[in-house]
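Good morning. Please look at the model on the screen, and then I will go through a few contacts.

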Amino acid sequence: MTGGSFSRVGVVGLGTMGAGIAEVLARGGLAVVGVEIDQGALDRGRGHLERSTGRAVKRGKLTEDAQREILGRVALSTDFADLGDCDLVIEAVPERLDLKRTVFAQLDRVCRDDAVLATNTSSLSVTDIAVTTGRPTKIVGVHFFNPAPVMKLVEIIGTVLTEPGAAARVADLVKGLGKTPVTIGDRAGFVANRLLFGYLNQAAGMLESGHATRDDIDAAMKTGAGLPMGPFTLMDLIGLDTCLEVLDAIYAESRDRRHAASPVLRELVTAGLLGRKTGRGFYAHDNSSGDEEKAAGAAPVVGIVGVGPLADAIAALCDRAGSEVRDSAAGLAGCDLIVEAAEGAEAARALLSAAVQAAKPGTVIAVTSVDGSVIEQAMATGRPSDVVGLHLPDPAAGTLAEIATTVATDPDIADRAVGLVARLGLGVVRCRDRAGFIVDALRFPYLNDAAAMLGAGYADADSIDAAMTLGCGYPTGPIADLDRLGPDRAVTVLRALHAETREPALAPAPLLVEHVTAGKPLR
Ligand code: 3HC
């Protein structure tokens with residue numbers, strides 16, 4: 001038995017999250033009482049449990065006997081009175097404060113006085129729930145991540161009213177279940193959702209504005225930023241109704257426009273297209289989608305103008321793809337693609353105009369500014385229709401290229417640019433000429449939010465990094481990312497984003513600026 005001071009645990013609500021939590025508890029050897037509102041909901045909850053454990057059996061991760069034992073530990077009921085002898089009850093009903101308060105009033109009546117009552121709320125105030133019960137000292141938040149059996153993080157939320165022992169006992173339980181607890185205070189979105197949902201909503205806004213397509217944004221974040229899923233795939237996994245509820249709750253506290261839910265999200269929810277659970281959201285889940293096109297054709301001849309780390313990285317990619325690289329004025333005449341990789345805007349402009357003179361008409365000219373100024377460089381060449389922006393979010397990994405087109409880019413040149421860069425063995429996504437293209441525009445505001453959260457003292461660097469790696473499967477946490485990518489680069493990109501949008505929350509966090517000035521990493 002791994003429950004520490006808890007041996008019998010109730011779960012109210014057996015939707016995706018509640019059933020996942022019940023499974024985690026039962027896998028940990030605890031006796032679980034699962035309660036639903038009626039027989040239909042209970043049957044659906046049983047279905048979730050059977051499917052999830054059945055999937056583990058099919059993958060050879062669980063024997064049929066072990067599955068039977070796990071399911072045998074979960075008693076299912078539609079009667080709250082069956083929770084009377086639980087030491088801990090975890091509520092996982094839909095995110096409506098009125099509903100949660102009703103559930104807690106019932107729990108207050110049927111549960112023992114010493115029982116701890118927990119809410120798996122994603123973003124509602126745990127304090128708001130606690131104050132309507134007769135035992136506010138015994139109310140905690142216990143926030144699991146979807147899919148609960150897989151994600152290792154559990155946020156434990158203590159309010160100003162919670163007795164310290166209650167939160168500590170729940171944290172011990174969570175540890176015993178093989179998860180990592182992060183204990184924090186009661187702020188909307190806690191750590192992970194507060195950092196995740198600004199990013200998800202911004203991705204929806206990018207789609208809404210036509211900056212890039214759903215598939216390109218997903219591919220950019222998966223391939224270019226190394227995330228386990230792109231934002232639209234993830235929103236469909238979470239459920240778009242949940243996404244909307246979380247955003248509304250965070251917006252109510254933050255009053256940050258970036259948390260004001262994107263209209264496309266609201267529209268999908270109103271239409272009942274809630275993601276995986278209803279078969280359609282941003283994606284139709286009966287279709288396989290997002291397959292990357294295979295690049296066909298010979299490796300292109302690439303001209304590189306400029307010297308420095310970016311020029312070296314592009315040359316290395318060409319080498320890997322078997323592409324001939326030219327860097328002399330005479331050689332540029334026969335290139336399919338000319339990439340400007342100079343350090344500094346002035347140098348880039350001078351080198352580029354010389355290169356454009358040498359290039360034959362129809363050669364794709366790629367400039368590497370990523371601050372929304374591709375159009376300026378394009379106009380300066382005198383051949384703006386041949387110019388695209390090219391950005392490698394992670395040049396060393398050499399997995400993804402972003403191609404930005406301006407209003408002046410010839411559509412055929414844009415298509416040729418995508419084809420040529422794909423033949424260098426890179427995944428290619430397209431977007432418009434806006435600061436940060438896709439990857440940087442989405443990741444730096446998120447990193448800035450993490451720095452602001454650290455600066456505000458809500459959570460320490462370890463908790464923030466653990467929240468994103470263990471809760472959302474990010475390869476590294478945001479504070480580590482800031483040190484890896486460089487706080488100075490973060491400040492440069494954020495200033496460009498802020499200059500373009502005048503969005504107050506995109507101004508670099510004071511802590512970040514301070515670290516740049518001090519020349520000191522965040523960790
Ligand atoms: N239930 C149980 N197990 C599951 C599962 C599910 N729904 N989905 C996947 N798994 C298991 C698989 O069985 C497999 O286990 P194994 O390695 O022991 O065989 C493992 O997870 C990996 O699964 P797959 O190989 O099928 O798929 P992936 O490698 O693509 O991983 C993923 C799937 C774990 C979901 C991964 O894509 C990921 O980490 N995505 C990010 C998820 C995320 O961000 N979650 C948090 C959302 S925010 C939230 O929940 C908060 C809320 O308040 C909104």
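Asp 465 and Arg 523 form a salt bridge, their closest N and O atoms 2.8 Å apart; the term means a side-chain nitrogen of Lys or Arg within 4 Å of a carboxyl oxygen of Asp or Glu. Asp 465 sits in helix H18 (residues 461-472) and Arg 523 in the segment after helix H21 (510-518), so this pair ties together parts 58 residues apart in sequence. Helices here are DSSP runs of H or I, at least four residues, numbered from the N terminus.

This is a predicted model: local features need pLDDT of at least 70 and side-chain atom pairs pLDDT 80 or more, while totals for chains, interfaces and linings use all residues. Residues are numbered from 1 along each chain as its sequence is written, and side-chain values use heavy atoms, leaving out hydrogens and water.

Is Asp 465 buried or exposed? Asp 465 is buried, at 8% relative accessible area, and Arg 523 is partly exposed, at 48%. Buried means under 20%, exposed over 50%, partly exposed in between, with a 1.4 Å probe and protein chains only.

A search of the whole structure finds 28 salt bridges. One of them joins Glu 324 and Arg 326, at 2.8 Å from N to O. Glu 324 is partly exposed at 41%, and Arg 326 is partly exposed at 23%.

Now the helices. H8 (residues 214-224) and H17 (residues 439-455) pack at about 65°, with axes 9 Å apart. Axes are lines fitted to C-alpha atoms over the stretch in contact, and angles run from 0 to 180 degrees between N-to-C directions.

How values were computed. Helix = DSSP H or I, 4+ residues; strand = E, 2+ residues; numbered from the N terminus.
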